[in-house]
Amino acid sequence: MMDVGIFGIGDVPAQPNGMRLPMKWNNTTRPYDRDVRLESLIEARASLHPHDVVAVSDEGELTFSDLDRLANKLANHLLAADVGRGDYVIICLERTNAYLITVLAVLKTGAAFIPIEIEEPASRIAEIAAAEGVAFAVIEQIVAGAFEPLELYTVVLDLQQLERSQLAETRPSVGIASGDGAYGIATSGSSGVPKIVVVAHRSLVNLIDWVGRSFDIGPGDMGLWVSPASFDLSIFDLLGLPALGAAVRIISRDQRRDPIACARMLQREPITFWNSAPALLQTIIPFLSPHGGAGRIGKLRLAFLSGDWIPLSLPGQLRSAFARAEIIALGGATEATVWSNYFPVRDIDPAWKTIPYGRPIQNSRYYILGPDLAACDANVAGELYIAGDCLAEGYLGDVQLTASRFVRDPFAEGVERMYRTGDAARWWPDGTIELLGRLDNQVNVRGYRVDLGEVEVALRRCGLQQAVAVAIEGAAGTSRILAAGALREASSRVNAGELRNALGGLLPSYMIPDDIRLLDSIPLTANGKLDRRAVAQLFTGCELPADNDRGHAPIRTNLTAATLETFLRTEIRVLRPDLPKDFTGDRPFGEIGLGSLEFALLSGRLFTEFGLRMSPVEFYRGRTLSAIATIAETLAPEAPLPLPSDPTETKAASMEQKAGAAAIVGMSCRVAGLESLDEFWDTIRAGRDCLAASADADGRLPGERNRAGLLKHISGFDAKFFGITPREAEVMDPRQRLLLEAAWKAIEHAGEDPGALAGARIGRLRGRDRR
C-alpha cells in the first residue's frame with residue numbers, strides 16, 4: 001500500500017495517437033497469493049517441517065524451529081521497545097546465523113529492515129539513519145561507536161544471551177498487510193545523500209513464487225550467500241530460499257572475499273544454488289576444478305547472474321566445472337524488487353556482444369518508449385520502463401524523487417505506475433530485450449548502481465573546487481570509477497592518496513575512485529560545461545598493453561621475484577590501462593586503485609600461469625607489487641587447471657592429460673597404538689610390537705593369546721565432512737568409515753587437495769594384515 005505522504009506518484013502526458021504496445025511480449029499475468037506476508041511463509045515452513053535445516057554457518061546448523069523460536073524472542077523484545085508497523089530498523093551485523101534471525105524478527109514486528117555493511121563509513125550510516133521512519137537498529141558491538149551519536153533505539157545483539165533470556169517464544173500477533181514495506185535498500189544518490197528504495201511484501205512474494213515455480217527450488221536445495229548484505233541480491237538468499245523451504249549457507253566477511261574458500265565450498269559442500277554479480281563469479285572460476293559437479297559432492301545445478309554485463313565466456317567456464325548447471329541471466333532494478341526479467345543462457349551466439357537482457361518475469365511488464373512515450377518497434381532503441389507487481393513503493397521520505405521516477409502507466413487500466421529505469425534498450429523481433437547502456441550519470445560497479453554525482457559531491461567535500469567522476473570499462477568486464485579534480489587553492493599539498501583516504505570516511509569502498517588525477521583546472525566544453533569526455537581521455541589515452549594469452553604455459557620452477565613482479569605489472573596494466581608504464585613496485589595498491597576484485601583476478605592469474613596458489617588476502621597484507629612478488633617466489637608451484645570455454649574442450653583436454661599421465665602416490669595407515677605414519681615407520685625400523693594385552697570380561701590377563709591391536713579415536717568419524725547423514729554413518733560398516741578417513745589422508749599425503757579432485761580418476765591400493 002503506497003502512502004503518498006511518504007512516496008507520492010508522478011504523471012505522464014496523455015497517450016499519443018497511434019501508440020502501440022507489444023502485448024504479446026507482456027502476457028505475464030500469473031496467480032499467486034497477493035495477501036500473504038514473508039514471515040508467514042517462513043512460519044509455515046517451521047510449523048510443517050520444524051527440524052529441517054534452514055541455515056548452515058561455521059557456528060553450526062539452524063533449523064526452521066530454532067529460527068522461528070529465536071526470531072519470536074527478538075521480535076517480542078523489539079515490540080516492547082515500540083518497534084512496529086511503518087518503522088524501519090537498520091541491521092548492521094556480522095554474517096552469522098544471527099543475521100537471518102534478526103531479519104525474520106524485524107518482519108514479525110510489522111517493521112521493515114534496512115541492511116548496512118559493517119564497514120560502512122560512519123557518515124553514511126548517519127545519513128541513512130536520518131531518513132524518515134528510521135528509529136531503531138540491531139547491531140554488533142564492534143560498530144557501537146558509529147551508532148552512539150545517532151538518535152536511534154539500538155539493540156546490541158548477543159545471540160547466546162538471547163537464547164538464555166526469558167523472552168516469550170510465542171509468535172507476535174500484529175495487524176499488518178502484504179502491502180506494507182518489507183525492506184529498504186540504500187542506493188547511490190546524485191545529491192550526495194543515499195536514497196532508500198522501499199519494497200513491499202507483496203512484490204517480493206511475487207518474485208519468490210516465480211523463482212520457485214520456474215526453477216523448482218525447495219527442500220534439498222542450498223544457496224551460498226556471497227553477496228554483500230546491503231546488495232539486494234542478498235534479499236532473495238535470506239528470505240526467498242527459506243520461504244521456499246531451501247537452506248542458506250552463511251559465510252563470513254573474510255570467506256566471501258576469498259575466492260579459494262568459495263570455490264572449495266562449491267565443490268565440497270552440497271551447494272545447489274549460486275546467486276551473485278558476474279564479477280564475483282569470475283574471481284572464483286580459476287579455482288574450480290573441471291567437472292567438479294561430477295564428483296562426490298559438487299551439486300551446483302542453478303546459477304543466477306545479475307547486476308552487471310555478463311561476459312560471453314563466463315557461462316561456458318562455469319559449466320566446465322559443473323556440467324549440469326543451469327545458468328540464468330537476470331536484470332531489472334532495485335526499484336523493481338531484485339529481478340524483474342530473465343534469460344536462460346544456453347548456446348552462445350557469436351554475434352552477441354553480451355548476454356541478452358531477456359523477458360519480464362510473471363506479473364511484470366516492460367515497455368521501451370521514445371521521447372513522446374510512443375512504444376518503439378523491434379530493433380528501435382528507446383528508454384526502458386518497468387511496470388507491474390514487481391515495482392517498489394518508492395523512495396523513503398522523498399515524494400518529489402518518487403514522483404519523477406514512478407510515473408503513471410498510460411497502458412494500464414486504473415491508477416498503475418511504471419518506473420523510468422534510465423536504461424536504453426530495444427526489442428528483438430522475438431520479444432527478447434537487449435540492454436544498450438545508461439541514459440544518465442549512473443553506472444554499475446561490481447553489481448552496485450552508482451550515481452557519479454554522489455562521488456563528485458564527496459570529492460568536493462574533501463577539498464576540491466571542481467570534481468568530475470567518469471566510468472570506463474575495465475578488462476575484467478566491469479566499470480571502474482576514475483576522477484579528476486581541481487584544488488581550491490593552487491598551493492594546497494593534498495595528494496591523491498590522501499584524497500582516497502578521506503573518501504573512505506564518506507563513501508563505501510566500491511564507490512571510491514580507482515584513480516584520482518589532480519589538475520590545475522577541469523576541461524570545459526564550448527558551452528562552458530565540464531567536459532566529461534575529455535576527462536575520460538585523460539585516463540584512456542595511454543597505450544593499452546596487449547592482453548596476453550589466457551591459456552596455460554608450462555609450469556616454471558625457476559621463478560624469481562623479479563620475473564613475478566614483471567608478470568604482475570603487465571597483468572595490472574591489463575586491468576588498469578590508465579597507469580603509466582613505469583609505475584614502481586613499491587607504490588601501495590591503494591594509491592593505484594586496486595581492490596578486492598583486482599586482487600582476486602591477479603590471484604587467479606598467478607595460479608593459471610604459474611600454478612602458484614596465493615590467497616587474495618595476501619595482497620592486502622603485502623600492500624605493494626614488490627612485496628607480493630617476494631611472497632609468491634616462496635610458493636611451490638602446483639599444476640594449474642585448464643579453463644576451457646565449454647565442456648567439450650574439457651573432455652578433449654582430459655583425454656590429452658591421460659595420454660601422458662603419471663601416478664602421484666600418497667600413503668596413510670591406521671595401526672594399533674600409533675598416531676601417525678611416521679610412528680609406523682619408526683616402529684617397523686625398531687622391530688617393536690604394536691599388540692597389547694587384552695583383558696577378559698573379568699579384567700584378567702590370561703596370557704599371550706589375549707594380545708590384541710586396538711585402534712584409537714574410532715568414534716571420532718565426521719559424517720558431515722564426508723556428506724553422509726548421521727543415520728547413514730550409524731549403520732555403516734566401521735571399516736568403511738576408517739577407509740574413508742585413510743583415503744582422504746592418503747591423497748593429502750600425496751600433496752593433493754582431495755576436494756579439488758572430485759570426479760578425477762584416482763588409483764587406490766588397499767591392504768590389511770590378516771594375522
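## Two helices that cross

A helix axis here is a line fitted to C-alpha atoms, taken over the stretch in contact, and the angle between two axes runs from 0 to 180 degrees between their N-to-C directions. With that in hand, take a look at helix α3 (residues 97–108) and helix α8 (residues 233–243) in this predicted model. Their axes are 10 Å apart, and the helices pack at an angle of about 75°. Angles of 65 to 115 degrees count as roughly perpendicular, so α3 is roughly perpendicular to α8.

Which residues in α3 and α8 meet? On the α3 side they are Y99, L100, V103 and L107, and on the α8 side they are L238, L239 and P242. Sort the residues of this contact by type and you get seven nonpolar, no polar and no charged.

## The whole chain

Now zoom out. The protein chain has 771 residues, and 54% of them count as buried. You'll find 24 helices and 28 strands in the chain.

How do the contacts run along the sequence? Take the contacts between residues at least 6 apart in sequence: 69% of them join residues at least 24 apart. D254 belongs to helix α9 (residues 253–256), and it counts as exposed because its relative accessibility is 57%.

## Nonpolar cores

The largest nonpolar core holds 111 residues, and V211 and I217 have the most contacts inside it. Helix α3 gives the most to this core, with nine residues. There is also a second, separate core of 36 residues, and M222, A303, I355 and W428 are among its members.

What does V211 touch, if you skip residues up to four places away in sequence? The list is D216, I217, F236, L244, F304 and W339.

## The loop between α7 and β9

Two aspartates share this loop. D216 lies in the loop between α7 and β9, and D221 has its place there too, with α7 covering 201–215 and β9 covering 222–225. Are they buried or exposed? D221 counts as buried because its relative accessibility is 10%, under the 20% cut-off. D216 is exposed, with a relative accessible area of 62%.

D216 has a phi near 55°, which is a positive value in a residue other than glycine. As for D221, its side chain makes a polar contact with the side chain of R301, at 3.0 Å. Not counting residues up to four places away in sequence, D221 touches D216, A246, A247, T272 and R301.

N363 has a positive phi as well, near 60°, and N363 is not a glycine either. You'll find N363 in the loop between β15 (359–360) and β16 (364–369), where it counts as buried at 9% relative accessibility.

## Helices tucked inside

Helix α12 (residues 314–321) is largely enclosed by the rest of the structure, because seven of its eight residues are buried. Those buried residues are L314, P315, G316, L318, R319, S320 and A321.

Helix α10 (residues 259–268) is mostly covered too, with eight of its 10 residues buried. Its buried residues are P259, I260, A261, C262, A263, M265, L266 and Q267. What caps the N-terminal end of α10? That is D258, which has a side-chain oxygen 3.0 Å from the backbone nitrogen of I260.

V455 is part of helix α14 (residues 452–461). Is V455 buried or exposed? With 0% relative accessibility, V455 counts as buried.

Leave aside the neighbours within four places in sequence, and V455 is in contact with V450, A469, I481, L507, M511 and P513. Another residue to look up is A483, 28 residues from V455 along the chain: the C-alpha atoms of V455 and A483 are separated by 8.6 Å.

Conventions
Residues are numbered from 1 along each chain as its sequence is written. This is a predicted model: local features need pLDDT of at least 70, side-chain atom pairs count only at pLDDT 80 or more; totals for chains, interfaces and linings use all residues. Side-chain values use heavy atoms; hydrogens and water are left out. Helices (H or I, at least four residues) and strands (E, at least two) are DSSP runs, numbered from the N terminus. Angles under 35 degrees count as roughly parallel, over 145 as roughly antiparallel, 65 to 115 as roughly perpendicular and the rest as oblique. Contact means heavy atoms within 4.5 Å. Ala, Val, Leu, Ile, Met, Phe, Trp, Tyr, Cys and Pro count as nonpolar, Asp, Glu, Lys and Arg as charged, and the others, Gly among them, as polar. A nonpolar core is a set of buried Ala, Val, Leu, Ile, Met, Phe, Trp, Tyr and Cys residues joined through side-chain atoms within 4.5 Å. Buried means under 20% relative accessible area, exposed over 50%, partly exposed in between (1.4 Å probe, protein chains only). A polar contact is a pair of N or O atoms within 3.5 Å; within protein, one must be able to donate a hydrogen and the other to accept it, and residues adjacent in sequence count only if both atoms are side-chain atoms.
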